[in-house]
Amino acid sequence: MKNLLFIGLTLFLLFSCDTGNIDVNQQYIGIWKNSASDLTRTLEVKSSGRCFYEEVKVSGNMSTSISYNGFFVLKDSILTIGFKKLTINEEPVLTGSTWYMTMDDIEYTKQ
């Protein structure tokens with residue numbers, strides 16, 4: 001019985017993991033940042049489809065961070081990176097010589 005449960009959970013995890021769709025969303029590749037006083041948000045999207053999202057909060061001499069790793073999965077306007085979901089309000093756009101994007105109503109610039 002335990003083996004059957006283990007096999008079932010393994011199959012569930014394999015089929016529920018999405019490998020990403022960066023191939024049709026190339027404009028997202030790069031490092032995107034937003035800094036507001038004591039909070040810095042960073043999204044790194046690699047051409048392989050791997051992603052890293054981090055929020056770092058600085059308070060005095062202390063800093064705390066939370067990060068997520070996973071594949072770039074964009075469905076409709078929801079970007080999923082591991083267990084983190086971000087809403088894309090405005091897709092990447094080039095204005096002058098700077099790329100901008102808005103996620104969760106926060107503007108990010110491409111570094």
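Among contacts in this chain (heavy atoms within 4.5 Å) between residues at least 6 apart in sequence, 32% join residues at least 24 apart. Keep that in mind as you load the chain. The model is predicted, so local features need pLDDT of at least 70 and side-chain atom pairs count only at pLDDT 80 or more, while totals for chains, interfaces and linings use all residues. Residues are numbered from 1 along each chain as its sequence is written, and side-chain values use heavy atoms, with hydrogens and water left out.

**Stop 1: the whole chain**

Colour by secondary structure. You will find one helix and nine strands, where helices (H or I, at least four residues) and strands (E, at least two) are DSSP runs numbered from the N terminus. The order from the N terminus is α-β-β-β-β-β-β-β-β-β. Of the 111 residues, 28% are buried, meaning under 20% relative accessible area.

**Stop 2**

**Stop 3: the S3-S4 hairpin**

Select S3 and S4, an antiparallel pair joined by ten bridges. Tyrosine 53 has tyrosine 68 in S4 as its bridge partner. Two residues separate the strands of this hairpin, and glycine 60 in the turn has a positive phi of about 65 degrees.

**Stop 4: S8 and S9**

Move on to S8 and S9, which are antiparallel and share four bridges. Here methionine 101 is bridged to tyrosine 108 in S9. Beyond residues up to four places away in sequence, threonine 102 touches Thr87, Ile88, Asn89, Glu90 and Glu107. Next pick isoleucine 106, in strand S9.

**Stop 5: the nonpolar core**

Which residues touch the most other members of the largest nonpolar core? Select Leu43, Phe72, Leu79 and Met103, out of 17 residues in that core. Such a core is a set of buried Ala, Val, Leu, Ile, Met, Phe, Trp, Tyr and Cys residues joined through side-chain atoms within 4.5 Å. Strands that each supply at least two of its residues include S2 (39-45), S3 (50-59) and S7 (84-95). Centre on methionine 103: leaving aside neighbours within four places in sequence, its contacts are Leu43, Leu79, Leu86, Thr87, Ile88, Asn89 and Tyr108.

**Stop 6: the aromatic pair**

Searching the whole structure turns up one aromatic pair. The ring centres of tyrosine 28 and phenylalanine 72 are 5.2 Å apart with planes at 45 degrees, so the pair is tilted (centres within 6.5 Å; planes under 30 degrees apart count as stacked, over 60 as edge-to-face and the rest as tilted). Tyrosine 28 sits in the loop between helix H1 (2-16) and strand S1 (30-36), and phenylalanine 72 in the loop between S4 and S5, so the pair ties together parts 44 residues apart in sequence. Both tyrosine 28 and phenylalanine 72 are buried.

Note on methods. Buried means under 20% relative accessible area, exposed over 50%, partly exposed in between (1.4 Å probe, protein chains only). Two strands pair if DSSP finds at least two bridges between them. Rings of Phe, Tyr and Trp (its six-membered ring) pair if their centres lie within 6.5 Å; planes under 30 degrees apart count as stacked, over 60 as edge-to-face and the rest as tilted.
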